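Here is a short briefing for a reader who is new to this structure.

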Amino acid sequence: MSEIKTVCVYCGSGAGTNPLFIEAARAFGKELAENGVTLVYGGGAIGLMGAVANAVLDHGGAVTGIIPGFLRTKEIALDRVQDLIVTDDMHERKRLMFERSDAFVALPGGIGTLEELVEQMTWQQLGRHRKPILIANIDGFWDPLLGLLAHMTETAFIRAQLSVKVLTADSVAEILPKLRAAAAPEQAKTMPPEIARRL
């Protein structure tokens with residue numbers, strides 16, 4: 001079992017309507033800090049993004065924020081992180097988030113969160129990486145997506161030879177143990193830079 005040293009968290013730049021979402025973001029940030037796992041995330045100070053990052057920092061953990069220049073004002077870059085990287089565009093942001101992470105977790109969020117999650121699922125399906133991907137299904141937020149994935153499998157658009165291994169957790173306490181149990185051997189988790197550039 002490989003050690004999970006960094007986790008990329010995809011989540012909303014808003015708080016959502018359910019207080020359990022921001023509560024989960026804060027709780028997971030605390031879990032990361034207490035387990036010595038560095039957070040890699042989109043660099044914002046607002047919404048669930050800000051909640052998870054500030055919780056990591058408030059509990060003595062390390063954070064890498066990666067944000068494109070055009071979002072520095074809109075998502076209010078969190079300048080107190082130890083490592084803030086400003087990229088030229090979204091493609092560079094996502095590539096760096098991939099390269100710096102041992103695993104991926106999707107907390108509740110919107111279109112951007114969904115797009116980032118599905119991109120990692122696609123890359124895994126195509127054999128580009130074997131890093132664990134986990135959907136944090138807080139209060140059933142991701143149930144519609146999980147239902148759609150099941151429907152895609154039932155209708156043979158996700159086939160056995162193109163299966164996607166996505167973990168799910170209903171509570172924050174389950175996330176890190178599931179990621180650690182699923183971690184691929186270190187040598188199999190790295191995407192060659194030339195491949196990453198073409199994605």
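**Salt bridges**

Arg 72 and Asp 79 form a salt bridge through their side chains, at 3.4 Å from N to O; a salt bridge is a side-chain nitrogen of Lys or Arg within 4 Å of a carboxyl oxygen of Asp or Glu. This is a predicted model, in which local features need pLDDT of at least 70 and side-chain atom pairs count only at pLDDT 80 or more, while totals for chains, interfaces and linings use all residues. Residues are numbered from 1 along each chain as its sequence is written, and side-chain values use heavy atoms, with hydrogens and water left out.

- Arg 72 is partly exposed at 36% relative accessible area, and Asp 79 is exposed at 56% (buried means under 20%, exposed over 50%, partly exposed in between, with a 1.4 Å probe and protein chains only).
- The whole structure holds nine salt bridges.
- Asp 58 and Arg 80 meet in another salt bridge, 3.1 Å from N to O.
- This pair links distant parts of the chain, 22 residues apart: Asp 58 is in helix α2 (residues 47-58) and Arg 80 in the loop between β3 (63-68) and β4 (83-87).
- Asp 58 is exposed at 53%, and Arg 80 is partly exposed at 43%.
- Lys 94, Glu 115 and Glu 119 are linked in a network of salt bridges.

**Overall build**

- The protein chain has seven helices and seven strands (DSSP runs numbered from the N terminus: helices are H or I of at least four residues, strands E of at least two).
- Of its 199 residues, 48% count as buried.
- The C-alpha atoms fill a box of roughly 45 × 40 × 35 Å along the principal axes.

**Strand β6 and its neighbours**

- In strand β6 (residues 133-136), Ile 133 and Ile 135 point one way, Leu 134 and Ala 136 the other way, and all are buried.
- Strand β5 (residues 103-106) runs parallel to β6 and is joined to it by three bridges (strands pair if DSSP finds at least two bridges between them).
- Ala 106 has Ile 135 in β6 as its bridge partner.
- β6 also pairs in the parallel sense with strand β7 (residues 167-169), over three bridges.
- Ala 136 stands opposite Ala 169 in β7.

**Surface**

- Phe 157 lies in the loop between α5 and β7.
- Phe 157 is exposed, with a relative accessible area of 64%.
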